[in-house]
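Here is a briefing on one structure. Look it over first, then read the points below.

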Amino acid sequence: MPELLLNMKDIEFTYSSGKKALAKVDFTVTAGEFVALAGRNGSGKTTLTRLAMALLKPGSGSIHLRGHNTAAMTTADMARSIGYVFQNPDRQIFRDSVVKEVAYGPEQLGFAPAAVTESAAWALAVTGLTELAGSFPRTLSRGQKQKVAIASAIAMRPQMLILDEPTSGQDPWEAQSLMELLTELNQQGITIILVTHDMELISRYAVRAVVLEQGRKVFDGPPAELFDGSQDIGAWGLMPPSALALSRQLTGMNARSADELVEQLAAAIKRRGEQYA
Ligand SMILES: Nc1ncnc2c1ncn2[C@@H]1O[C@H](COP(=O)(O)OP(=O)(O)OP(=O)(O)O)[C@@H](O)[C@H]1O
């Protein structure tokens, strides 16, 4: 039975301005999941992830991380369990070389020097950054900087990674490479929570989707169910991925990506050709 990592129960949160951002939200994540957190602008996604990181405190409700109430946890305890990757990597990169940046977190957590070196080397290798270890982070591309931010987070060996719109501002190749990295990390056992507006990414990579609308959870289930026509996703400001919509119209099937759509169309054309041969 997979371990329950994050258990947020009956969460209410109101900003000091009086804006109620979350109402009665339950959100649980078990070890090994790849969860997408979606919803229109202002629906409460960032607030929920900040509460999970104990950067905010809920007005009511409880948050447990691996069975421990986060209200009683230190920032270092949190960092050992959850890594957070901001939308804009410039907000979290400060050192003058990639390797120093990646080693900083384990150093702060008090890892022994050999363990710092080992963790940083592993994080650089898994993110494909080993060759850039000595580079000045500010000179890297947006996609490479985002990978430095991910390497810095995983070097602390957290069980879970929360990423806020990590592909924004990247070209399609960089975005795909980043999503493949997240899939690889997930296969290595790191639980992923991906905050995204991109329905294609949800359909293609996530195993579970959670949708917030006006501070309430309105959907929690497999992406296929989110897009199968049974949910009123338009009312939540979402649209089905274009490849999926097109494949339903053209082939009556559900393509999770443009690549799958092309494969389906090629197979349909081949079948047609065989019928008339
Ligand atoms: N610091 C703040 N003070 C007051 N209200 C805030 C603050 N931060 C967010 N809000 C409001 O709380 C609600 C939820 O915001 P939140 O940032 O959690 O939504 P989101 O789903 O992450 O949006 P986006 O997709 O635009 O990042 C919104 O109405 C937002 O305007």
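Leu 201 sits in helix 7 (residues 199-205); helices here are DSSP runs of H or I with at least four residues, strands are runs of E with at least two, and both are numbered from the N terminus. The model is predicted: local features need pLDDT of at least 70, side-chain atom pairs count only at pLDDT 80 or more, and totals for chains, interfaces and linings use all residues. Residue numbers start from 1 along each chain as its sequence is written.

**Leu 201**
- Leu 201 is buried, as 24 other C-beta atoms lie within 10 Å. Buried takes 20 or more such atoms within 10 Å, exposed 12 or fewer, and partly exposed is in between, with C-beta atoms placed from the backbone.
- Leu 201 touches Thr 167, Met 179 and Thr 196, leaving aside residues up to four places away in sequence. Contact means C-beta atoms, placed from the backbone, within 7 Å.
- Ser 257 is 56 residues from Leu 201 along the chain, with 8.4 Å between their C-alpha atoms.

- Six strands form an open, mixed sheet in the order 6-7-8-3-9-10. Two strands pair if DSSP finds at least two bridges between them.
- Strand 6 (82-85) and strand 10 (216-221) are the edges; each has a single partner strand, so one side of each lacks a neighbour in the sheet.
- From one strand to the next, the twist averages 15°. Angles run from 0 to 180 degrees between N-to-C directions, and axes are lines fitted to C-alpha atoms, for helices over the stretch in contact.
- Strand 7 (residues 160-164) and strand 8 (residues 191-195) run parallel, joined by five bridges. Leu 161 stands opposite Ile 192 of strand 8.

**Helices on the sheet and on each other**
- Helix 5 (residues 142-154) lies across strand 6 and strand 7, at about 165° to strand 6.
- Helix 6 (residues 172-187) packs on the sheet and touches strand 3 (34-38), strand 7 and strand 8. Its direction makes about 150° with that of strand 8.
- Helix 3 (residues 98-108) packs with helix 5 at about 35°, their axes 7 Å apart.
- Helix 3 contributes Val 98, Glu 101, Val 102, Tyr 104 and Gly 105 to this contact; helix 5 contributes Val 148, Ala 151 and Ser 152.

Methods:
Contact = placed C-beta atoms within 7 Å.
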